[in-house]
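Dear colleague,

Please find the structure we discussed placed below, followed by an account of what was found in it.

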Amino acid sequence: MADQLAMPHTATPAASLRTPSADIYAPQWRNAIFVAPFLFFFTTLLLFPLLWGIWLSFHKADTFSSGNFVGLGNYVRLYHDKVFLQSIWNTFYFVLLTVPTLALIGLFLALCLNRRTRTAAVLRTLFFSSSVLSVTIVTLIWRIVFIPNVGLLSTIYGWFGATAPAFISNPSLAMIGIAIATVWWCIGLPMMLFLSALQQIPRDIYEAAALDNANRWQTLRSITLPSIKRTFVLVVIIQIVLQFQLFGQAWLMTRGGPNNLTKPIVLYIYDTAFRRWDLGMGAAASEILFILILVAAMAQYLVARNKGDRV
Amino acid sequence: MTADIEIRNVSKHFGAMSVLEDLSLSIKAREFIVFLGPSGCGKSTLLRMIAGLETVDSGEIAINDQRIDHLPPGKRGIAMVFQSYALYPHMTVRDNMAFGLENIGVSRQVIDARINEAARILEMPHLLERKPGQLSGGQRQRVAIGRAIVKEPKAFLFDEPLSNLDAALRTRTRIELAQLHQRLQSTMIFVTHDQVEAMTLADRIVVMNNRKIEQIGSPMEIYDRPATKFVAGFVGAPAMNFVAATLDRSGGNAKVKFADGMAVQTEIASNLLTDGKCTFGIRSEDVRIVPAGQGDADGVVDVLERLGERTLIYARLGDGLQVVGSDAGNSCVTVGDKVGLAFDGKKSHLFNEAGRAWHAGEAWHG
């Protein structure tokens with residue numbers, strides 16, 4: 001055994017260069033087998049549909065034929081479609097309502113629940129539990145809350161002799177209603193991300209801050225928040241990407257109404273492609289959503305490029 | 001600024017576990033005190049209690065006769081250098097140093113003056129605009145010390161600040177810390193488990209073990225006259241030789257007899273001792289290597305350690321016990337040689353079964 005182990009060391013330098021261990025970094029194409037399953041699904045389920053979608057967006061297509069090449073025709077039609085422009089605005093409005101709220105409430109909850117007590121553990125679980133529900137259940141719960149006359153909100157307002165705001169039917173409140181349901185549904189992930197970031201801040205930095213006479217506010221502002229800056233950016237980007245894809249809540253709570261005021265881009269795509277069967281235009285709208293999300297995701301790299309903060 | 005620190009009957013528990021028991025200690029102004037002890041002996045806890053990072057369960061701590069154990073860390077007028085440096089990673093070196101001063105409303109001019117002075121003392125003006133992530137371990141260490149200096153504290157606390165540095169840098173920083181102490185003339189408390197750091201830096205060493213103080217004394221007192229068997233074994237490299245022995249108190253000075261019949265005459269007065277089993281202790285430098293048959297015992301050389309200025313010789317006696325002796329740097333003894341070991345009775349120590357020590361010349365009233 002000892003002789004076998006010693007053999008490679010006794011070889012001459014020239015011989016050792018030719019041994020397999022000398023070029024372990026050279027490509028071994030049979031290793032591609034390990035990534036093949038992933039590549040297969042990546043190509044068939046992601047890359048191919050993406051390219052096909054782009055191709056479709058330049059064609060007048062329905063379910064029976066891929067139709068004629070129309071160039072940017074679908075995009076021009078979208079540009080002149082007031083409902084589409086409304087849906088873009090609706091989506092931005094929704095993102096604006098939900099993302100800062102999710103980030104700030106998530107951070108607030110994480111700061112409150114970042115302690116080793118049983119109560120904090122129970123509350124963490126409780127706040128996260130809504131995230132595991134399906135969108136159907138979430139919207140059902142919030143329809144029960146918002147439904148006029150008999151809903152939870154109406155009942156509570158009724159105790160005080162007041163009328164509850166009509167979160168589903170009032171044009172100026174409908175999107176806010178959807179946003180409330182969405183924040184309640186999605187708050188678990190930002191909270192958990194912030195909690196894990198907070199728990200990675202070394203304790204001795206806080207001790208140093210205590211010795212440096214920092215009060216709670218100074219500690220939060222100068223130590224805690226800068227330490228979780230990257231996580232904050234991450235949470236914002238993840239939520240932008242997720243909330244741009246609003247569909248289920250809007251579809252199940254308001255069907256995009258009243259008067260298309262809660263119709264987001266994805267719902268517009270669904271309507272156009274699968275209810276009006278204008279696949280080319282639906283594909284073009286998808287590409288615009290793709291670009292919007294891509295720009296938002298790229299922002300992460302731009303904002304999070306600061307270096308030298310790590311010890 | 002400098003300060004006396006008085007620790008009176010301090011105890012500390014973590015849950016059911018006792019960490020420090022009824023501990024008292026007086027530290028004089030301008031003194032460099034080192035808490036030395038093995039891991040888990042409570043030395044860091046004691047330092048953190050002085051800093052205010054741990055509460056005091058009972059007893060009190062006073063700085064310049066004012067009780068501080070109820071004050072928050074920032075109000076105690078002390079500065080601490082952490083083992084991990086605990087620099088604020090998102091702040092520049094300058095901001096790291098300024099943070100504590102800004103929080104108590106010191107004017108910008110004063111802050112800048114103090115930072116520049118500290119940077120000059122620590123030879124790091126070129127690092128002020130960098131962030132900790134852009135610094136080496138040694139540079140971070142300097143920044144941590146600089147952050148302490150600018151506060152002009154009554155006392156500096158160091159929690160194993162050299163343990164993350166490589167050997168060469170550790171030696172250099174040790175010397176710089178000694179120079180800094182001479183320059184600032186502040187009270188400094190330094191926690192370490194490294195006896196070389198303790199011996200080289202301290203005015204007085206506080207040796208701690210198992211929740212208690214074993215001995216307080218100057219480095220040479222600790223080395224020459226260890227109060228207990230633990231101190232004798234913990235301080236000094238290689239560790240002191242210990243041999244189980246019985247006492248012969250028939251003469252003025254005690255004589256010890258070992259299991260194999262070998263005997264050594266000590267210079268410890270017989271009337272200070274009581275009959276019974278004891279442990280004979282002697283440091284390696286007090287065991288000379290002589291030709292076989294000419295010493296107090298003969299042994300066979302197991303291992304040689306050449307340290308340059310001297311050679312440590314690990315010899316095995318007839319009964320299997322290993323004793324470390326010392327020979328010249330250019331010793332020609334080799335492994336397997338039979339050598340004689342001559343014990344210097346004047347430098348010997350005796351320990352009773354409870355671990356209490358007696359030394360040549362006079363009894364230790366520890």
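Gln185(B) lies in the loop that runs between helix 5 (167–184) and strand 8 (187–192) of chain B; helices (H or I, at least four residues) and strands (E, at least two) are DSSP runs numbered from the N terminus. The phi angle of Gln185(B) is near 55°, a positive value in a residue other than glycine. Gln185(B) counts as exposed, with 11 C-beta neighbours inside 10 Å. Here a residue is buried if 20 or more other C-beta atoms lie within 10 Å of its own, exposed if 12 or fewer, and partly exposed in between, with C-beta atoms placed from the backbone.

The model is predicted: local features need pLDDT of at least 70 and side-chain atom pairs count only at pLDDT 80 or more, while totals for chains, interfaces and linings use all residues. Residues are numbered from 1 along each chain as its sequence is written, and chains are lettered from A and ligands numbered from 1 in the order in which they are written.

A positive phi in a residue other than glycine is also found at Asn260(A), where the value is near 65°. Asn260(A) belongs to the loop between helix 14 (248–253) and helix 15 (265–275) of chain A. With 18 other C-beta atoms within 10 Å, Asn260(A) is partly exposed. One further backbone feature is the cis peptide bond between Ala237(B) and Pro238(B), with omega about 0°. Pro238(B) sits in the loop between helix 8 (229–234) and strand 11 (241–248) of chain B.

Chain B as a whole contains eight helices and 21 strands. Its C-alpha atoms fill a box of roughly 75 × 45 × 35 Å along the principal axes. Chain B has 366 residues, of which 40% count as buried. The domain assignment, which is automatic or from a database, gives domain 1 (5–228) and domain 2 (238–359) for chain B. The C-alpha centres of domain 1 and domain 2 of chain B are 39 Å apart. Between them, four residues of domain 1 of chain B are in contact with five residues of domain 2 of chain B; a contact requires C-beta atoms, placed from the backbone, within 7 Å. The domain 1 side of this contact in chain B has two nonpolar, one polar and one charged residues. In this classification Ala, Val, Leu, Ile, Met, Phe, Trp, Tyr, Cys and Pro are nonpolar, Asp, Glu, Lys and Arg are charged, and the others, Gly among them, are polar.

Turning to the sheets, an open sheet of six strands in chain B has the order 6-7-8-3-9-10, with mixed pairing; two strands pair if DSSP finds at least two bridges between them. Strand 6 and strand 10 (212–217) of chain B are at the edges with a single partner strand each, so one side of each is left without a neighbour in the sheet. From one strand to the next, the twist averages 20°. Strand 6 of chain B runs parallel to strand 7 (residues 155–159) of chain B, and four bridges join the two. Leu157(B) in strand 7 of chain B stands opposite Met80(B). Helix 4 (residues 137–149) of chain B lies across strand 6 and strand 7 of chain B, at about 175° to strand 6 of chain B. Such angles run from 0 to 180 degrees between N-to-C directions, with axes fitted to C-alpha atoms, for helices over the stretch in contact.

Elsewhere in chain B, strand 1 (residues 5–14) and strand 4 (residues 58–63) run antiparallel and are joined by five bridges, with Glu6(B) partnered by Ala62(B) in strand 4. Strand 1 of chain B also pairs with strand 2 (residues 17–27) of chain B, antiparallel and over seven bridges. These two strands of chain B form a hairpin with two residues between them, and Gly15(B) in the turn has a positive phi of about 65°.

The largest nonpolar core has 104 residues, and those with the most contacts inside it are Val34(B), Ile50(B), Leu157(B), Ile189(B) and Val206(B). A core is a set of buried Ala, Val, Leu, Ile, Met, Phe, Trp, Tyr and Cys residues joined through C-beta atoms within 7 Å. This core draws at least three residues from each of domain 1 and domain 2 of chain B.

Finally, the contact between the chains takes 22 residues from chain B and 19 residues from chain A. Helix 2 of chain B supplies the largest share of the chain B side, three residues.

Yours sincerely

Conventions:
Two residues are in contact if their C-beta atoms, placed from the backbone, lie within 7 Å.
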